[in-house]
Amino acid sequence: MKLSSALLFAISAVTAKGFAPIATVPTSRTSSLKGTASPTVEKESFQRSLLAAQLANKKTNGKKAEDAPPVNIGWDSHKPVDKAPDSLVRPGDGPDGNYPMRARFEQMIREAQISITDAIEKIDGKAKFQEDSWIRANGGGGMSRVMKDGAVWEKAGVNLSVVYGSMPQEALQAATERGVDRAKGMAPGERVPFFACGLSCVMHPRNPHCPTMHFNYRYFETDG
């Protein structure tokens, strides 16, 4: 009964501040956080993007447009820092000056990360979150909060990331109907710059009869 109330309280603590989870997806108990400084969900999606980029480059005989922005989403592209800067969004960034929207979303999920981790710690009553921060050379970075060996949760992670990268035009075509029209005017091998910002949470209860909980908030935007 304690765990059920705990889960409900954690969700209500978030939604009370206006942060409604996009999805709650049960996952296998064999899956667990590894304690790295990079969100699990972000890693999986980036690996798929990298594979798509490699395939796209092969289709153009290994050639890319000279002005194509770097992929720059490998796991060796981030640098650990003692404390994340006040904002991970590049100043004045975004198509047509869309910086305010990007900055507002980052601020919203930063506040959500704090409120969620505070609620989880109060419910657990034993363990505390440890934070790791990192930045990337071309902008962006993240803050990873991990808690383990708690009274209620075996391990929990609430991870925030801001990412700048590029994707193959084939991925843009598959994403939206408008992407097909946009891709028609692109040069062979030309890549599409993107901005992504998100908050991902995974919690593994200590009770083996309780499912793992996962939810995330995402903002994704392409330039041009």
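A: Among contacts between residues at least 6 apart in sequence, 71% join residues at least 24 apart. The model is a predicted one, and its protein holds 5 helices and 6 strands. Read along the sequence, these elements follow the pattern α-α-β-α-β-β-β-α-α-β-β. Of the 224 residues, 46% count as buried. The accessible surface comes to about 12,100 Å², and carbon and sulfur atoms account for 54% of that surface.

Now the sheet itself. It is an open sheet of 6 strands in the order β1-β2-β3-β4-β5-β6, with antiparallel pairing. The strands at the edges are β1 (78-81) and β6 (213-222); each has a single partner strand, so one side of each is left without a neighbour in the sheet. From one strand to the next, the twist averages 20 degrees. Strands of a sheet pair through backbone hydrogen bonds, either parallel or antiparallel.

Aspartate 149 is found in the loop between β3 and β4, and its phi is near 60 degrees, a positive value in a residue other than glycine. Most residues other than glycine have a negative phi. Aspartate 149 is partly exposed, with a relative accessible area of 47%.

On its way through the sheet, β4 also pairs with β5: 15 bridges join them, and the two run antiparallel. In this pairing serine 161 stands opposite glycine 198 in β5. Strand β4 is mostly covered, since 15 of its 16 residues are buried, where buried means under 20% relative accessible area. Strand β5 (residues 191-205) is in turn joined to β6 by 10 bridges, again antiparallel. Leucine 199 has tyrosine 217 in β6 as its bridge partner.

Helix α3 (residues 99-124) packs on the sheet, where it touches β3 (140-148), β4 (153-168), β5 and β6. The direction of α3 makes about 165 degrees with that of β4. Threonine 117 is found in this helix. Because its relative accessibility is 1%, threonine 117 counts as buried. Leaving aside neighbours within four places in sequence, threonine 117 is in contact with Phe129, Arg145 and Val158. Proline 100 also lies in helix α3, but at 45% relative accessibility proline 100 counts as partly exposed. The C-alpha atoms of proline 100 and valine 89 are separated by 9.7 Å, with the two residues 11 apart along the chain.

Not counting residues up to four places away in sequence, valine 162 touches Leu88, Val89, Glu106, Arg136, Gly140, Gly141, Phe195, Ala196 and Cys197.

The last stop is strand β2 (residues 130-136), which contains serine 133. Serine 133 counts as buried because its relative accessibility is 6%. Its side chain is joined to that of glutamate 131 by a polar contact of 3.5 Å. Beyond its neighbours within four places in sequence, serine 133 is in contact with Lys79, Pro80, Val81, Lys83, Ala84, Gly142 and Met143.

Notes. Residues numbered from 1 in each chain as written. Predicted model: local features only at pLDDT ≥ 70, side-chain atom pairs only at ≥ 80, totals over all residues. Heavy atoms only, no water. Pairing = 2+ DSSP bridges. Helix = DSSP H or I, 4+ residues; strand = E, 2+ residues; numbered from the N terminus. Axes fitted to C-alpha atoms, helices over the stretch in contact; angles between N-to-C directions. Contact = heavy atoms within 4.5 Å. Buried < 20%, exposed > 50% of the residue type's maximum accessible area, 1.4 Å probe, protein only. Areas by Shrake-Rupley, 256 points an atom, 1.4 Å probe, with all protein chains shown as cover. Polar contact = N/O pair within 3.5 Å; in protein donor to acceptor, adjacent residues only side chain to side chain.
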